[in-house]
Amino acid sequence: VALGKPTEDQREQWYLQRYVAKFPRGGEMVLFDRSWYNRAMVEPVFGFCTDKEYEHFLRGVVGFEKDLVRQGTILVKLYFSVTKKEQQRRFDRRREDPLRQWKLSEIDVQAQEHWDEFTHYKYEMLNRSHTSQTPWTVIRSGNKHRARLNAMRVILNSVDYEDRSPDIDFAPDTGLVFSGAHEVEMMEADRLRRGKFKN
């Protein structure tokens, strides 16, 4: 599910309402592209929400997610992390390749110039919404193929299911996959060393 810009009606609703409408029924799985965390990063960077809406979201999202988990939903929060240099390379490729141009959005075009702001909001999001019950998993995605395989491992490890083979290694690559808490620690260490977050 990749929800587009909210309609006028949706803008008047509880922010999470349109996401809840897409939630899975028993036995189903739904993958959200960006999900409700648009409110924590993209929207504040581009002025699509007010400071008050941003704060309301971050104050309420942890309780909302804890309720989901308490009532039986398996919630997996994945953050695919990429360097500024790699992001620029991908955007340049999309710009130049007619078969990939459809992937390049206006937000993408402006992402590089807002890199520091995105990094600030990434830190705030992980720091304020990573909990033991609703953890973030950060996946280094410089290599897309390895990132996808590790995302599948994280998802498969989060669910118990019939006929799971004990012979298959589902352990994520510890060089690519980190907890949100560990990512926050690394970001804080970088900021102490360099005076700013790393690019």
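**Close-up views of a predicted model**

The UniProt annotation "domain: Polyphosphate kinase-2-related", from an unreviewed entry, covers residues 1-164; such annotations may be inferred rather than shown by experiment. This is a predicted model, in which local features need pLDDT of at least 70 and side-chain atom pairs count only at pLDDT 80 or more. Residues are numbered from 1 along each chain, and side-chain values use heavy atoms, without hydrogens or water.

**View 1. The annotated segment.** Across residues 1-164, the chain is 50% helix and 6% strand (DSSP runs: helices H or I of at least four residues, strands E of at least two).

**View 2. Helices α4 and α7.** The axes (lines fitted to C-alpha atoms, with angles from 0 to 180 degrees between N-to-C directions) of α4 (residues 51-70) and α7 (residues 115-129) come within 10 Å and cross at roughly 35°. Contact, meaning heavy atoms within 4.5 Å, involves residues including Y54, L58 and V62 of α4 and Y121 and R128 of α7.

**View 3. Helices α7 and α9.** Helix α7 packs against α9 (residues 180-194) at an angle of about 135°, with the axes 9 Å apart. The two helices are therefore oblique (angles under 35 degrees count as roughly parallel, over 145 as roughly antiparallel, 65 to 115 as roughly perpendicular and the rest as oblique). Among the contacting residues are Y123 and L126 of α7 and V184 and M187 of α9.

**View 4. An aromatic pair.** The count of aromatic pairs comes to 18, where rings of Phe, Tyr and Trp (its six-membered ring) pair if their centres lie within 6.5 Å. The ring centres of Y15 and F57 are 5.7 Å apart and the planes lie at 85°, so this pair is edge-to-face (over 60 degrees; under 30 is stacked and the rest tilted). Y15 lies in the loop between α1 (8-11) and α2 (17-20), whereas F57 belongs to helix α4, 42 residues apart.
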